[in-house]
Amino acid sequence: MSRQVVIVGGGIAGLATAYFLEKEAAAQGLDVTLTLIEREARLGGKIATETAGGFVVEGGPDSFITQKPWALQLCRELGLADRLIGTNDAQRSVYVLRDGRLRKMPDGMLLIVPTRFMPFVTSDLLSWRGKLRMGLDLFIRPRRDPADESLANFIRRRLGQEALDVLAEPMMAGIHVADPETLSLQATFPRFIEIERRYGSLTRGMIAARRAARANGRPAARTTTFMTLQGGLQELVGALAHALHAEIRLGTHVTRLAVNPAGGFHLALGDGLVLDADAVVLATPAYVSAGLLRHTSPRLAAKLDAIRYVSTATVSLGYNADEFEHPLDGFGFVVPRREPARLLACTWTSTKFPQRASPGTVLLRAFVGGPRREDLVTLDDDALIGLVREELQTIMGVRASPTVARVFRWHRSNPQYEVGHLDRVNEIEALAPAGVYLTGSAYRGVGIPDCV
């Protein structure tokens, strides 16, 4: 007898779930029928690629990390190996805005930890007091308490307040679009915990990692390589959709999830259809899953509701290179919250991935919103584009007029992994009714490999 499975949510987590479930069912000779429900008229969720004016514009993520291998493996399995491209590592510098000026991250930094002496001490990014305080990491005893702590507490304890303000907040908390004072270290940077326990010092641990990489013939700077696809990450979405045998229903949503007294579940859809399922996978934001489970599992719904989200927007601007004077000698810049600028960061996309822009053109992508300035996300397109242009003129001296401008808003799309997050996720998974499964960026990782 066929088993009926309904997957709610057509982002990368829902699509990957459908793909691997079909694959495993075929391998075991099981008869499984899948239906995938997606509220929007397209698949992909936060993966959204547009082409305009010779530019490949990513509205959401622009790449995935290869240290976590699952997205890379999936691309290869789907026949996309010849479409993979890496970053332009010859110009992989990153800048930090400090006191209104872009200052280069010193060579030899692994994450935010210096592993080379001279580039660090001669850099103008940190004050001498801040550098000396970071050096004390070599002498501070490791923490023995196994309880979770915030990223801010950890960095402040090991490297000092200036390292937190200038480096960790924009670069590390920025990855998660989060407040470092509440961001869970266990859930986001567990490697730091392991390094502190093993080496007693972040600096000693990172130097050991660099030496080990050299001994293995790998430059340490390449251990966090990012990859993407030539036509954008939407290629991965398209390949997954093409590989599926599941029924895919776009432009509708689940209005009610009820337990069937005879076993399984009833799902009422917005278009009037009612589906029966033996199992349900909720690959939706935690608050959407909470709404569907509120009547059948109120305690679980309350736990899901406790996962906060923030909103962001990306603004991509394309230019003619002959009207653009900045050298763009790096991947872009990040903005500490102590700076008055209204941007979170800006990627110099045509440097990071030259294939994203035609010869003779330049592509930039700015980020706004997050826990500091969610109000900016509500501005209309013209106002957001104008804001970004003003900021780029102030920070980079960019006065050229863009030939292409694209705005993507992501309302309540960035889950906040607050201190104790993994304990909450364990509780959520324990409370899930038999036959109900939860997946997606709200739980054990926000990146594409995590969701895969």
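Q: Which strands form the open sheet, and in what order?
A: Strands of a sheet pair through backbone hydrogen bonds, either parallel or antiparallel. Here, seven strands form an open sheet with mixed pairing, in the order S8-S7-S18-S19-S20-S17-S21. Strands are DSSP runs of E with at least two residues, helices are runs of H or I with at least four, and both are numbered from the N terminus; two strands pair if DSSP finds at least two bridges between them. The model is predicted: local features need pLDDT of at least 70, side-chain atom pairs count only at pLDDT 80 or more, and totals for chains, interfaces and linings use all residues. Residues are numbered from 1 along each chain as its sequence is written, and side-chain values use heavy atoms, with hydrogens and water left out.

Q: Which strands stand at the edges of the sheet?
A: Strand S8 (101–104) and strand S21 (404–415) do; each has a single partner strand, so one side of each lacks a neighbour in the sheet. On average, neighbouring strands of this sheet are turned by 25° against each other, direction ignored.

Q: In which sense do S19 and S20 pair?
A: Strand S19 (residues 345–347) and strand S20 (residues 361–369) pair in the antiparallel sense over three bridges. Ala345 has Phe367 in S20 as its bridge partner.

Q: Which helix packs on the sheet?
A: Contact means heavy atoms within 4.5 Å. Helix H14 (residues 381–396) packs on the sheet and touches strands including S7 (94–98), S17 (309–320) and S18 (332–334). The direction of H14 makes about 70° with that of S17; axes are lines fitted to C-alpha atoms, for helices over the stretch in contact, and angles run from 0 to 180 degrees between N-to-C directions.

Q: How many aromatic pairs are there?
A: Rings of Phe, Tyr and Trp (its six-membered ring) pair if their centres lie within 6.5 Å; planes under 30 degrees apart count as stacked, over 60 as edge-to-face and the rest as tilted. By this rule there are eight aromatic pairs. The rings of Phe154 and Phe192 are stacked, because their centres are 5.7 Å apart and their planes at 25°. Phe154 lies in helix H5 (residues 151–158) and Phe192 in helix H8 (residues 190–199), so the pair ties together parts 38 residues apart in sequence.

Q: Are Phe154 and Phe192 buried or exposed?
A: Buried means under 20% relative accessible area, exposed over 50%, partly exposed in between (1.4 Å probe, protein chains only). Phe154 is buried at 0%, and Phe192 is buried at 1%.
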